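Hi,

Here is the structure I said I'd pass on. Have a look at it first, and then read my notes on the charged pairs below.

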Amino acid sequence: MKKRYRMLAQGRVQGVGFRGTCAMYARQFNLTGSVENLETGDVEIYVQGEAIDIERFKAAIQSENRWIRIDHLIEEQLPLDPDERRFEYKFY
């Protein structure tokens with residue numbers, strides 16, 4: 001079953017390659033959406049795809065990494081976006 005989430009990653013998530021890591025795993029798990037650094041120091045992620053693939057994505061981005069540290073991952077389920085076709089970087 002397809003789902004869509006907005007996630008807010010808090011911790012050491014800017015300036016450490018986190019957006020690239022999100023994009024890599026999103027592509028690996030065939031997910032669409034976007035990732036963007038926020039002025040608050042958090043990173044906002046929109047992710048859409050099969051529920052099992054989203055769970056794999058979440059586990060992957062929170063796995064042990066030398067530089068990235070996610071202290072909190074806040075999730076909100078959203079309605080699907082039928083027009084979304086890829087995963088992209090956004091810039092504030």
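This is a predicted model: local features need pLDDT of at least 70, side-chain atom pairs count only at pLDDT 80 or more; totals for chains, interfaces and linings use all residues.

The partner of glutamate 88 is arginine 86: the two form a salt bridge, with 3.1 Å between the closest N and O atoms. Arginine 86 itself has 58% relative accessibility and counts as exposed.

There's also a network to look for: salt bridges with shared partners link Glu55, Lys58 and Glu75. The structure has seven salt bridges in total.

Next, go to arginine 4, which pairs with glutamate 84 in a salt bridge whose closest N and O atoms are 2.8 Å apart. Arginine 4 sits in strand E1 (residues 2–12), while glutamate 84 is in the loop between strand E4 (69–78) and strand E5 (87–90), so this pair ties together parts 80 residues apart in sequence. And are these two buried or exposed? Both arginine 4 and glutamate 84 are buried.

Arginine 56 and aspartate 53 both belong to helix H2 (residues 51–61), three residues apart, or about one turn of the helix. They form a salt bridge too, and their closest N and O atoms are 3.1 Å apart. Arginine 56 is partly exposed at 43% relative accessibility, whereas aspartate 53 is buried, with a relative accessible area of 15%.

Cheers

Definitions and conventions. Residues are numbered from 1 along each chain as its sequence is written. Side-chain values use heavy atoms; hydrogens and water are left out. A salt bridge is a side-chain nitrogen of Lys or Arg within 4 Å of a carboxyl oxygen of Asp or Glu. Helices (H or I, at least four residues) and strands (E, at least two) are DSSP runs, numbered from the N terminus. Buried means under 20% relative accessible area, exposed over 50%, partly exposed in between (1.4 Å probe, protein chains only).
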